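Work through the exercises below with the sequence and the model side by side, and try each task before reading its solution.

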Amino acid sequence: MKKLRVGDEVIVLAGKNRRQVGEIQRFVGKDRVIVGGIQIVKKHQRMMGEGQPHGILNREAPIHVSNVAIFNREADRADRVKIKIDEDQKKSRVYKSSNEKIESYQ
């Protein structure tokens with residue numbers, strides 16, 4: 001079970017976008033994530049055909065998962081995730097600091 005999922009609210013821990021909060025849009029490979037509205041870079045795109053975007057475009061660049069942490073709204077800070085096994089042998093993700101279950105938005 002992965003500790004971070006698509007749709008989780010995360011906070012950036014390092015880099016020029018430090019302390020910014022966003023939602024995970026998708027995973028790129030095993031160790032990088034795209035966070036919505038964070039790590040915006042300029043991409044020079046050549047015209048490839050009619051209707052395709054071209055010119056200087058703003059897009060979101062991937063961030064390494066070690067540079068993001070799940071954001072705990074109640075504590076208003078970054079937190080860690082642990083996997084807890086319930087009495088009926090079901091796995092669930094909980095915040096390490098408060099042992100509260102993490103609600104997924106999917």
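The exercises go from the whole chain to its sheet and then to single residues.

This is a predicted model, in which local features need pLDDT of at least 70 and side-chain atom pairs count only at pLDDT 80 or more, while totals for chains, interfaces and linings use all residues. Residues are numbered from 1 along each chain as its sequence is written, and side-chain values use heavy atoms, with hydrogens and water left out.

**Exercise 1. Describe the make-up and overall dimensions of the protein chain.**

Begin with the secondary structure, for which helices (H or I, at least four residues) and strands (E, at least two) are DSSP runs numbered from the N terminus. The protein chain has ten strands and zero helices.

Then consider burial, where buried means under 20% relative accessible area, exposed over 50% and partly exposed in between (1.4 Å probe, protein chains only). Of the 106 residues of the protein chain, 25% count as buried.

Finish with the contacts, defined by heavy atoms within 4.5 Å. Among those in the protein chain between residues at least 6 apart in sequence, 37% join residues at least 24 apart.

**Exercise 2. Trace the open sheet and the pairing around strand S3.**

Six strands form an open sheet in the order S6-S3-S2-S1-S7-S8, with antiparallel pairing. Its edge strands are S6 (63-64) and S8 (77-79), each of which pairs on one side only.

Next, follow S3 to its partners. Strand S2 (residues 21-28) and strand S3 (residues 32-35) run antiparallel and are joined by four bridges. Within this pairing, Arg26 stands opposite Ile34, and Ile24 has Val35 as its bridge partner. The hairpin of S2 and S3 has three residues between the strands, and there Gly29 takes a positive phi near 70°.

Then look at the pairing with S6, which is antiparallel to S3 over two bridges. Here the bridge partner of Arg32 is His64.

**Exercise 3. Where do Asn17, Gln39 and Asp76 lie, and is each buried, partly exposed or exposed?**

Take Asn17 first, which lies in the loop between strand S1 (9-12) and S2. Asn17 counts as buried because its relative accessibility is 11%. Leaving aside neighbours within four places in sequence, Asn17 is in contact with Val12, Ile38 and Gln39.

Gln39, one of those contacts, is in the loop between S3 and strand S4 (40-45). Although Gln39 is not a glycine, its phi is positive, at about 60°. Gln39 has a relative accessible area of 22%, and therefore counts as partly exposed.

Lastly, Asp76 lies in the loop between strand S7 (68-72) and S8. The phi of Asp76, a residue other than glycine, is positive and near 60°. With a relative accessibility of 55%, Asp76 counts as exposed.

Terms used. Two strands pair if DSSP finds at least two bridges between them.
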